[in-house]
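These are my notebook entries on a single protein model.

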Amino acid sequence: MASRSGSRRAGNADVPSARLFLWLCSLSALVWCALSFPRPLPGTLELAVAFLGLALYSTLGVLWPQSGMYGLAHAHGKAGSRRIALTFDDGPHPVTTRAVLDILRAYDARATFFVLGHKVEAHPEIVREIRAAGHALGVHGFEHEHLFSLRSSSYVLGQIERTQRAIAAACGATPTLFRPPIGFASPFTFRGAERAGVKIIAWSVRSLDGLRSASAARVAERVLRHLGDGAIVLLHDAAEHDDFTPASIAALPTILNALRERDYRAVTVDELLD
Ligand SMILES: [Zn+2]
């Protein structure tokens with residue numbers, strides 16, 4: 001997948017630059033230690049600075065999975081076909097998800113919903129409505145675990161499969177798209193996703209609509225300012241704890257009107273990456 005953000009990996013020979021740099025840093029540290037032997041090891045301060053630098057850089061790869069440091073996270077599709085993908089996290093919810101579905105229907109737009117397994121079990125009828133309207137479903141974990149990226153690959157696998165089973169019980173589909181809770185992805189997250197046979201989906205445009213204080217005008221402005229051909233846009237159709245209405249719902253008509261004006265078509269993530 002071509003990428004402006006460094007997640008490019010067309011084949012085994014095309015290693016993302018972020019991962020190459022990590023390998024280079026690790027190799028340099030090993031060579032440094034080897035060359036020091038049998039002389040005294042580098043000073044404590046030098047070692048601490050080197051270790052801290054490597055730790056910070058390694059953490060960046062978790063916080064920004066689009067970098068491709070630990071695996072392939074799809075952040076957007078190919079440019080050139082005037083298509084973008086709107087994605088909605090943290091649902092389903094009987095009121096707010098239905099509001100999103102109504103707006104999408106009015107604009108004949110398609111989207112992808114990354115759902116939480118425990119909410120799927122509570123509202124299976126909403127999952128059926130999402131699918132019946134022609135939208136795609138993806139997995140967002142069973143619970144919304146904030147320390148998900150620190151969990152083992154077996155935990156990740158369990159969360160994905162449990163949510164897939166809930167979705168299958170609701171509507172018969174078994175999604176193969178996965179967006180980790182919070183959006184961070186460690187090597188364990190990538191390994192768990194690989195074991196489950198799902199693709200990790202990141203984003204190229206973040207609306208920051210998941211905060212109670214977010215305003216619809218600012219969400220729309222932020223999305224439209226960064227929107228480009230092939231973009232994957234991160235939005236929410238429900239609050240994590242269902243305790244407020246995400247601002248993106250009020251912002252959605254403005255976003256969809258602008259898409260029409262710019263001659264973009266809103267498609268599912270599967271279609272965008274196909
Ligand atoms: Zn979420």
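This is a predicted model: local features need pLDDT of at least 70, side-chain atom pairs count only at pLDDT 80 or more; totals for chains, interfaces and linings use all residues.

**Entry 1**

Residues are numbered from 1 along each chain as its sequence is written. Helices (H or I, at least four residues) and strands (E, at least two) are DSSP runs, numbered from the N terminus.

I then looked up how strand 3 and strand 4 (residues 136-139) run, and found that they pair in the parallel sense over four bridges. Two strands pair if DSSP finds at least two bridges between them. Phe-114 has Gly-138 in strand 4 as its bridge partner.

I asked how many residues of strand 3 (residues 111-115) are buried. Five of the five are, so strand 3 is largely enclosed by the rest of the structure. A residue is buried if 20 or more other C-beta atoms lie within 10 Å of its own, exposed if 12 or fewer, and partly exposed in between, with C-beta atoms placed from the backbone.

In a regular strand the side chains alternate between the two faces of the sheet. I listed the faces of strand 3: Ala-111, Phe-113 and Val-115 are buried on one side, and Thr-112 and Phe-114 are buried on the other. In strand 4, Ala-136 and Gly-138 point one way and Leu-137 and Val-139 the other way, and all are buried.

**Entry 1: strand 2 and the crossover**

I recorded that strand 2 (residues 83-91) pairs with strand 3 in the parallel sense over five bridges. The chain passes from strand 2 through helix 3 (residues 96-106) to strand 3 in a right-handed β-α-β crossover. Right-handed means that, with the strands pointing away from the viewer, the path from the first strand over the helix to the second runs clockwise. The bridge partner of Leu-86 in strand 3 is Ala-111.

**Entry 2: helices 5 and 6**

I looked up the axes of helix 5 (residues 124-132) and helix 6 (residues 153-171), which come within 8 Å and cross at roughly 75°. Axes are lines fitted to C-alpha atoms, for helices over the stretch in contact, and angles run from 0 to 180 degrees between N-to-C directions. Helix 5 and helix 6 are therefore roughly perpendicular to each other; that label covers 65 to 115 degrees, with under 35 roughly parallel, over 145 roughly antiparallel and the rest oblique. In helix 5, Pro-124, Val-127, Arg-128 and Arg-131 meet Ile-167, Ala-169, Ala-170 and Cys-171 in helix 6. Contact requires C-beta atoms, placed from the backbone, to lie within 7 Å.

**Entry 3: backbone details**

Most residues other than glycine have a negative phi, and most peptide bonds are trans. I noted a cis peptide bond between Gly-91 and Pro-92, with omega about 5°. Pro-92 is in the loop between strand 2 and helix 3.

Ile-182 has a positive phi, near 70°, and lies in the loop between strand 5 (177-178) and helix 7 (187-196). Asp-242 also has a positive phi, near 55°, and its place is in the loop between strand 8 (232-236) and helix 9 (248-261). Is Asp-242 buried or partly exposed? With 15 C-beta neighbours inside 10 Å, Asp-242 counts as partly exposed.

Technical notes: Two residues are in contact if their C-beta atoms, placed from the backbone, lie within 7 Å.
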